[in-house]
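Subject: The model you asked to look at

Hi,

Here is the model, ready for you to open in your viewer. Have a look first, then read on for my notes.

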Amino acid sequence: MPRLVIDDLEIEVPKGTKVIDAAERLGIMIPRFCYHEALGAVGACRMCAVKFIEGPLKGVQMSCMIDAQDGMVVSTTDQEAVDFRKRVIEWLMINHPHDCPVCDEGGQCLLQDETVSSGHGRRRYPGRKRTYRNQYLGPFIAHEMNRCIHCYRCSRYYQEFSGYRDLGPLQIGNRVYFGRFKEGRLESPFSGNLVDICPTGVYTDIPARFKVRRWDLQRAPSVCINCPLGCNTIGNSHYRAVMRVEARMNPYVNGYFLCDEGRFGFSYTNGGADHAQRPWNSRISGADVTVEAALAESASKIAEISAIYGPGAVVALGSTRNSLETQSMLSRLCRRKGWQGPVWFNDPAIYRKVRSGVERLDSGIAVSMREIEFADFVIVAGADLLNEAPMAAMAIRQASRKNATIIVVDPRPISLPFEFRHIPAAPAQIERCLGSLVKGSISKDELKGFDSSAKGFCKALPAKFEEKESGISISELSGQLMSAKRPVIVCGTGIVCESTPAFAADCAQLLRESGKKAGLFYILPGASSFSSALLSGPETKTFSEILPQIEEGLIKALIATESDPFWDFPDRERLDRALSMLDLLVVIDYLPTETVKRATVFHPSSTVFEMNSTFVNQEGRVQHAERVHVGGVPIWGAHPPRIIRNFVPGGDHQPAWELLWKISAETSMLESVLTLGELIAAEIPVFEAVGHSKYPITEGRIIPENSEGSFVKPKASPAKGQTAKGFNLLLTDTIFASREPSAYADTLASVFPEATLFMHSGDANGAGLSEGDMVSVELELGAIQLKLSVSQRMARGFLFLPRQRGIHWQKMKEFSAWIAPERIRKI
Amino acid sequence: MAQPLVLFKNRHPNRVATLDEYRQSGGYAALERFIGGKIDPGEVVRLIDESGLRGRGGAGFPAGKKWEAVPKNAPFPRYLVANADEMEPGTFKDRILLHTDPHCVIEGMILAGYAFSATKGFFFIRPSYDSSAAIMERELEIARQSGFLGKSILGSGYSFDIVVHRSGGRYICGEATALLNAIMGKRPNPIKPPPYPTEKGLWDRPTVVNNVETLACVPHILRNGPQWFKDLSLTSKGAGTKLFCVSGKVNSPGAEELPMGTPLREIIEKHFGGMLPGSEFKACLPGGASTRFLTSEHYDVPMDFDDLKAIGNRLGTAAIMIFDQKTCLVATTHNLMKFFARESCGWCTPCREGLPYMRELLWLIENGEGKEEYIDTLRSMCKQVWNSYCALAPGAAEPVASLLEFFEDEVREHIRLKGCPFNAKAGN
Amino acid sequence: MLSEELKQELRKMIADAESSREKAVDVMLDIQEHHLWMSDEAMEEAAELLGMSPLELDELATFYDFIYRSPVGKYVIHVCDSAMCWLEGHQRVMDHISTSFNVPIGGTSPDGLFTLLPVCCIGYCDRAPAMVINRRVYGKLTPEKIDRILGRLARDNEFHPPE
């Protein structure tokens, strides 16, 4: 390890460390523009110049371009280096506009900071400033090219890091222009990172633009709850409105970046631009009441129903967007009060997949996104990452950049910003494909060394998988997998068969037994799926299984806590009828859901920005979101009535766990017996086991040790080919529009994808349909109209319907449907 | 004139030498002997190394050393690139060479390729040399049909082919790493080694970039031996002949092949017709626009790498631009700076922003709006642009630095008179 | 907008290359032979042939001097303005062309025949002042010589032999 001296301080750093990073380890921040840890060194801005006094190099050099070496003596304060850096600032400032007072970057601008710290304050350049025309880049990112200092961070991030090809450097010399071929929305769903990565104000966040000065923002570390990955964020609020969300660096989860859904999908917390789209007040039968009146009503009605019909006539619904605190409270209350539940999922199949996945995740095998970046072979089985967990696609892209082989086994027409081999296998074939791929990578010698259960599993794996359409040779891929050292299996829980998550775990385990550092990464359906599973047992029911009890009149009261069955229950009319039979529908939420509209009693709950809360992501990582602001109706846009009052308009919301506790009338629980941390540890033993009973809970991973670890003998997959003529219709997710709570954010509404049905082009040909046709699909309970998109890169015999806000698809009896050919027609 | 005609021995007015003419003068004999005779490629490298052949494109790097830098166990394919971008102002020797004896370049490329087992050659040429590109394409086909190029050359088992790659036209493309980016269809920004192109060049494969004139020397050296080549030079350390292209205030501008180390005075007065009537030698740029002004004090300097280095200058491309007493060197330097600022690729700050800054100051001085303090600013920037990413900006600073060193009085006179004492018309 | 014949020719050219991007400049120069300049439409079609995004191709097109992203005349006259040509009167050449053939400097003549642009050193310093017209070079320019060259282009649509 090289030892060197920087500004009279000695340090030893790992080989390959750049001098600029070595200095940072000493707390010396060498000025820089182009250098960024995630993007690497390119030596373009020349701002990080330092003087090398002794050692293998001498003179002024760029500290980002030079590896630390033994015997180096470096000065960052040497006059020649200081003068040069000051000159670089002068060069950059000859064209930079003096618009800091109206620039959103002001106050968080690297250029501003480094200009001030360099001491450059007087313009000496006698020439004119260069000007550019800006481009429209879509609803998220404003473009102000006159501010550009040409560090190339944006194009390097956009093209190299994130893999999109519609923004880059144009022109030459001092006219270099970063933009698009033509004006238009940026194609990347990771475009918001341009705002964070630009060292000055070329790219600014449109929703927050011209609204607030940086130093006036209330800021706190938060966590994104729009998908299971739990990317780390910073919430920024002003005048009771969340103004913007930025990425917060977490090396294990999201690195420096976020997807656009996570960054811009926050305005639900403000009730949208007009603040009217959030239920701010407590209500009884639709009429606004005080918090206390609503709590008293719920408490007494629940007690009454329990008394008459028994506590089993009360059901508590939770969801996978609940905080860990709320979930723990729900779990405790159900047990203590004898209520049914908690119920976390609508779809029994999804629930079983999540549970079997979480059960099989072992701390030895679970990988983080960071570890995926270093994988050399990635198999994605039944997951559409850009639409289900976008930042996971970014992690795999980094592996791809390091020449990892990427295979996607999924029936949908998957697109990803990197090269991958797509095997469009039907859901029932995914295990066959995965299994034969893994089996082919196990050598005879390795097989001999296995214990009997591993041997048995391996032998039972299908030897052959034929994929005619993709023309991909599985045996060739197996050969590559054989030489891989760090393979990762990414397994979805949406369209795959129920046995697939456990099967994927067995495959990963087998790869481990063959000496590889194999990893497993599940994509689960919501922010809190992992903890939902930890709080579930074999007896746990899903809403679909509860519904008949409501219909039979056995259940009289429903407490829906941040849970909206209407969001993804397939038969809306049936649900409506059933809910109308209830005596009591207590709803706790912050979104204006269909269930909220039907509430007997409604209690407004706090969003993730308005409370301290904990979430466990899909790899079992406990993360804390701090309260960003108190919340309430924002003073932005339509100003609230100027009436002098001693309360905050819209300030009634409370954390859902607190509301639950209050309506349960369990007075003793928190005040004297349990703290929140103890509550969580009491409900989820693994927390206690790792000593996490204090609050806030220490962040870290809490994967229970997998005691079983045994291989399940793979079932014989059904033979290929369907007997009946027709299509299997499956529901899928789509970015921006499919998930609570982000789909309620009006900031995203303009980028909702067009409602599109996906179909194999061969199937479409047979049905006389073609790309772009408007089609009507007759579901069991009514027809829907939408655009058709055809692809050759998907499984035949399937229709994929996005479950997105704005498409009224809930006309099905089950969570999937069989569609006879005559029921799809062109309109 | 007793000139040792090597590269120009087949020079005809307004006509390209044919393959037959080239062969009659000994052409392709080296190829037949070394490749046809399956002589170890290492021998080719050794002979070139021994001959002291240094790169003729400006940097003067020993050619043999560059080939040797390709690791013996390096992967295939391997590429050779002939750099015919020749965009250094004042330089046109390669164009004349290509219009004189293209097969000399072709044979040189094949032998160079053989030296490090290259599989394909790119002939990278600027767009204003379209006539040269057409000549090359025609003659390459002739070479192919004669068995000198393509699959298993002369039945040796060694295969090598050459394609002509036309540039879209930019000065930076002449920089070896930028050139490689250009061939690969990427933006031609330079890439700082390591890794060196000899290890990871085109498509991450070993690649050698040689200047056209350098390559043209190769067959002659292999045919006549390294000592013969060394003896061509007038200076003891030099080797070979050199194509000098002379332009500006002389009677017969053009390109001539002269022994390495021919004194500047002899070049101007004997070989290019002397100064124009009424013109006196004031200064010249001895090796293209990115070298320093050379004043009459060094009028007798031998034109060779080391001799010019000894007086703080560079041989560069040996493109000598000659200025007389009537030329305003402030305006000239401004013109050069305008060129460099416009041709900066825009990658690094000192070049992208610093050069236009210097151009602006020179323009103001030339047009009577100069201030004394500009001289200090220019001087310090001339030093500071050496911290640029590639060599473009340091080269661009050379004329300015030497202007301030040798002609400071002339600059100050502009400022004092609030205008150009030469009243020269300068374009902006 | 590109004819199928031209596309076929370009496809063949691209197929012969080590990688398709290698032919980006050649493809654009070829298209300009037929269509004079690279319109957005031409860029999009060329990018598709090359397997590049239009932006990626534009990164190159806007970098190079001899790729035109705005409409140009049938004959694009680049007059060298670097050291030697500048010294030998490049401005007089520009002015002469501009007044005699009604071409604004940096623009195109109203009849769409000529575009007049400066260019950096074209390597004809021994024949200064020099110019390039559609990749044909002419040096030692005098007003008479310019009149002959451009006059013949205007009148007969014929190039003088380049030098």
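How much area do chain B and chain C bury between them, and what percentage of it is on carbon and sulfur atoms? The figure is about 3,700 Å², with 56% on carbon and sulfur. Before I go further, please keep in mind that this is a predicted model.

**Chain B with chain C**

In that contact, chain B puts in 53 residues and chain C puts in 36. The rule picks out 7 salt bridges across the interface. One of them links Lys338(B) to Asp81(C), with N and O 3.5 Å apart. There are also 19 residue pairs in polar contact, both partners being at pLDDT 80 or more.

On the chain B side, quite a list of elements supplies at least two residues each, including helix H5 (93–100), strand S2 (120–125), helix H7 (130–145) and helix H13 (329–343). H13(B) gives the largest share of that side, with 8 residues.

**Chain B with chain A**

Chain B touches chain A too: 29 residues of chain B are in contact with 32 of chain A. The buried area here is about 2,500 Å², and carbon and sulfur atoms again come to 56% of it. The salt-bridge count between these two chains is 1. That bridge is between Glu353(B) and Arg130(A), whose closest N and O atoms are 3.4 Å apart. The rule also finds 15 residue pairs in polar contact across this interface, both at pLDDT 80 or more.

Which elements of chain B give two or more residues to the side that touches chain A? They are H13, helix H14 (349–366) and helix H15 (372–384). The largest share, 10 residues, comes from H14(B). H13(B) therefore turns up in both stories, if you count helices as DSSP runs.

**Domains**

Chain A is split into four pieces: domain 1 (3–93), domain 2 (290–345 + 537–622 + 647–701), domain 3 (352–524) and domain 4 (727–826).

Chain C has domain 1 (4–61) and domain 2 (75–156). The C-alpha centres of these two are separated by 28 Å.

**A sheet in chain A**

In what order do the 5 strands of the open sheet in chain A run? The order is S19-S18-S17-S20-S21, with parallel pairing. Strand S19 (421–423) and strand S21 (519–523) sit at the edges, each pairing on one side only. From one strand to the next the twist averages 15°.

Strand S18 (residues 405–409) of chain A pairs with S19(A) over 3 bridges, in the parallel sense. Within that pairing, Ile407(A) has Arg421(A) of S19(A) as its bridge partner.

Helix H13 (residues 430–440) of chain A packs on it, touching strand S17 (377–381), S18, S19 and strand S20 (487–492) of chain A, and its direction makes about 160° with that of S17(A). Helix H16 (residues 474–483) of chain A lies across S17, S18, S19 and S20 of chain A, and runs at about 130° to S19(A).

Most residues other than glycine have a negative phi, and most peptide bonds are trans, so here are some spots to check.

- Pro194(B) and Pro195(B) are joined by a cis peptide bond, with omega about 0°; Pro195(B) is in the loop between H8 and strand S4 (207–211) of chain B.
- Ala128(C) and Pro129(C) are also joined by a cis peptide bond, with omega about -10°; Pro129(C) lies in the loop between strand S2 (114–119) and strand S3 (131–133) of chain C.
- Asp7(A) has a positive phi, near 50°, and lies in the loop between strand S1 (3–6) and strand S2 (9–12) of chain A.

Cheers

Definitions and conventions:
Residues are numbered from 1 along each chain as its sequence is written. Chains are lettered from A and ligands numbered from 1 in the order in which they are written. This is a predicted model: local features need pLDDT of at least 70, side-chain atom pairs count only at pLDDT 80 or more; totals for chains, interfaces and linings use all residues. Side-chain values use heavy atoms; hydrogens and water are left out. Two strands pair if DSSP finds at least two bridges between them. Helices (H or I, at least four residues) and strands (E, at least two) are DSSP runs, numbered from the N terminus. Axes are lines fitted to C-alpha atoms, for helices over the stretch in contact, and angles run from 0 to 180 degrees between N-to-C directions. Contact means heavy atoms within 4.5 Å. Domain bounds come from an automatic or database domain assignment. Buried area is the accessible area (1.4 Å probe) that two parts lose on being put together, summed over both. A salt bridge is a side-chain nitrogen of Lys or Arg within 4 Å of a carboxyl oxygen of Asp or Glu. A polar contact is a pair of N or O atoms within 3.5 Å; within protein, one must be able to donate a hydrogen and the other to accept it, and residues adjacent in sequence count only if both atoms are side-chain atoms.
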